[in-house]
Structures are given as C-alpha cells and as structure tokens.
Amino acid sequence: MSEMLKKAQEIESYVIELRRYFHENPELSSMEFKTQAKIMEELDALGIPYEKSGSTSLIARLNADKAGKTVALRADIDALPIIEQSGVPFSSKNKGVMHACGHDAHAAMLLGAAKILSEMKDELPGEVRFFFQEAEETFAGAKKIIADGGMDGVDAVFGMHGMPFMETGYYDLTPGYRMAGCDTIFIKFEGVSGHGSAPHLAKDTIHPACMFVNDIQGIIAKNVDSQEPVVVSVGKFIGGTKANIVAKYTELDISMRYFNPEVRKTVHEALKRHANAIAEMYEVSVDIVIEESAVSLFNDELVTKIAAEAGEKIFGTDRNIELKKNMGSEDMPFYFQKAPGAFALLGYKNEAKGSIYFPHHEKFNLDEDFFKLGTALHAQFAVDFLSQA
C-alpha cells in the first residue's frame, strides 16, 4: 500500500462522515449555501485560506505564495431535483432534492485531499488550488470560478467522477476526447395562419418543420465523417393551436452532442443551411438560435500520463481501464480551455451494496469504499505534478 493511500485510509471516516452530511443536506445549483458554509468550516479548521466565488463556489489556496508550479483540484457540489429512493439511513432531508450524481462524494474527497496536503504543505514544491464548484448540473459553475481568476497562473487542473461501469478499485484515465460537448438548438418556423379548409391561402409551418426533422439525420449521414460521433435529438416539437387553424408557428428544441469542435461547426452550418432551404421552399421564415451548454472534454496527454501513474500508485497495476467515450457532458472542460488537464472516472460498482445505478437515478447509491481511493488520487496527483521538472 502506498504512503498516500495509507494517509487517506487514516482519514477515511472523516471523508465518509463529510459525504453523509452533504448527502443529507443537498442543495440545487447555485443555491448551495449550507454546503458552502460547511466547506468553509472545514477549510478554517485546516488553516487553508479561501475566497468566495460566483454564488456559492469557493477557491482555496495552499502555499499561495510559494514559488513553483500551481495545480488545481476541482470538485462539484450541487445536487439534483430528484425525490430520493436509495433507502440509505442518511437520505436527503431536503425533500425533492438529492445528491444523485455523487457530487457529495466529490466534495468530501477533495476536502480529504486538502487535509492530507495541508499536513505536508512544507514538502510541496508549489501551490495547490482547490475548487469547490457550484452548478455543474447547469454548466454554470466552472465559468464563474474562471471569471473570478481561479485559473490564473494554473499549470494543470484535475478532477474526477464516480461511474458504475467499473467495479470499485478500478479507474479510467485515458488521453484524448472522453466526454461530449453539448449544445441546445432552438428552431422557430414562422408562416401565415389561416383556415384549415383553405391551406393554400396560408403558410403552414408544421409540414416544413416535419420535413426538417426527417432531414436532420441526413446531415449526420452525408456531412459528417462516420468515424466522428455526433448525436442530434429533437426533444421538443410544438406547433399550431387548433385542428382547423393553419399553424403560424412551429418550434423545435434540439439537443446535440459531439466531440470534435470542427464537426460541431459542420453540423451547425448544415442545420442552418437545411432549415433555411426548407423554409424558403415552403415560403415561410425560420429563426435559429444555438446555445452552448458545455464543450467537449479532452484529456491532455502529458497531464493524463502523470495522473494515470499516480493512479497506479493508489489503485495498483492493471487497474486503469479504458472505457468507451461518454456522450454525457460536464463543465470541467471549461477549465481545460485555460490549462491542460485530466478528468478521471472512478469505479463504484458493488452489487452487494446496491451500488449499481447510473447517475441521476432515484436509487443512486455509492460504494463508500472508493472514497479513500479518490481522496488519495487527488493528493497523489498534486504531489506528482508539482514535482515534475
């Protein structure tokens, strides 16, 4: 067992207790005031200075004035609007709100790492910055920390997320694209209303909107390299007001997931081109708004190598499993736009404990045995990165 894992094992009960506190007291995105207060209380006890950021985020700095590199470690802290059905004795006391994505564990593990690193700060050859980030679920928190200068001077950034694709004791640290970017696209066709008995005197929008929906997958098939994953899903379609009234307006809400930014650009341009062409064909107008939610997550090769080697010290050999790329999205990659970084996926699957559910499930339940591993990995990566020549 590595020295860092021993240190994490010594404070395992501390991390578990913190996680259970956060789990019992979940708060929605940018409303994590009680969570923020608890984290400040712990940072005060550790003697680590911090500053508030955004609405409820915190930026803590260990060895802020020390020469050398700066590494940032990030944990998200928000919960979800879900009625909990996990059955754990420390279930949510805030009805209708649940930590169903593991952010309670992320915050607790980062505090555990802060505790370990604070006790060895004189040995650290640089600064460790801790981000306790609000609003990951709404893709708003990372941008707030960046806007407040959290990434200024940072040389590398690291984060992690639990996943049920692996048994507890395994992890995935793979370079390259790992999670998808996400856009929401709003399309609004506008025509001319009229009586259903005389559609030739009006300009219907439902028919061209249906044509456009059918046409979208043709864009993927004919404009995008088949080796580049893209998902475009129409999640909302609203048109018209009454059976005998020609629909003046039809609106579509579309979710798009991608990895390669160049592919994203290609699809955006094609969606606009096809929507405008169909609108012109049917003599209606169309308005297209593209709202960026999150960018794709790309693990830097060098930082990921350092992180994977740190993982081997904590988890042991042959425990790094390359999972398939995930079409889900995260706001972690906004940090990667400012400095190279790596994002680890840690296994929490344990059928005996009922730790089998994917995030956002009402029965979501974590295997607490993986907390010490995540705590140690945070700390080991920080030490290893700062020690690089």
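Lys 38 pairs up with Glu 42 in a salt bridge, with 3.4 Å between the closest N and O atoms. Keep in mind that this is a predicted model. The two residues sit four apart in helix H3 (residues 33-46), so about one helical turn separates them. Both partners are tucked away: Lys 38 is buried, and Glu 42 is buried as well.

## Glu 134 and Lys 144

Here's another pair to look at on screen: the side chains of Glu 134 and Lys 144 meet in a salt bridge, 3.0 Å from N to O. Glu 134 lies in the loop between strand E4 (126-133) and helix H5 (141-147), while Lys 144 is in helix H5, so the pair ties together parts that are 10 residues apart in sequence. Glu 134 has 0% relative accessibility and therefore counts as buried. Lys 144, at 25%, counts as partly exposed.

## Other salt bridges

Lys 115 and Glu 119 also form a salt bridge, and their closest N and O atoms are 4.0 Å apart. Glu 119 counts as exposed because its relative accessibility is 61%, and the cut-off for exposed is over 50%.

Some salt bridges share partners: Arg 19, Arg 20, Asp 104 and Glu 368 are joined into one network that way. Across the structure, the tally is 25 salt bridges.

## The annotated domain

UniProt lists residues 186-280 as "domain: Peptidase M20 dimerisation", in an unreviewed entry. Over residues 186-280, the chain is 40% helix and 31% strand.

Note on methods:
Residues numbered from 1 in each chain as written. Predicted model: local features only at pLDDT ≥ 70, side-chain atom pairs only at ≥ 80, totals over all residues. Heavy atoms only, no water. UniProt positions renumbered as here; feature names shortened; annotations may be inferred. Buried < 20%, exposed > 50% of the residue type's maximum accessible area, 1.4 Å probe, protein only.
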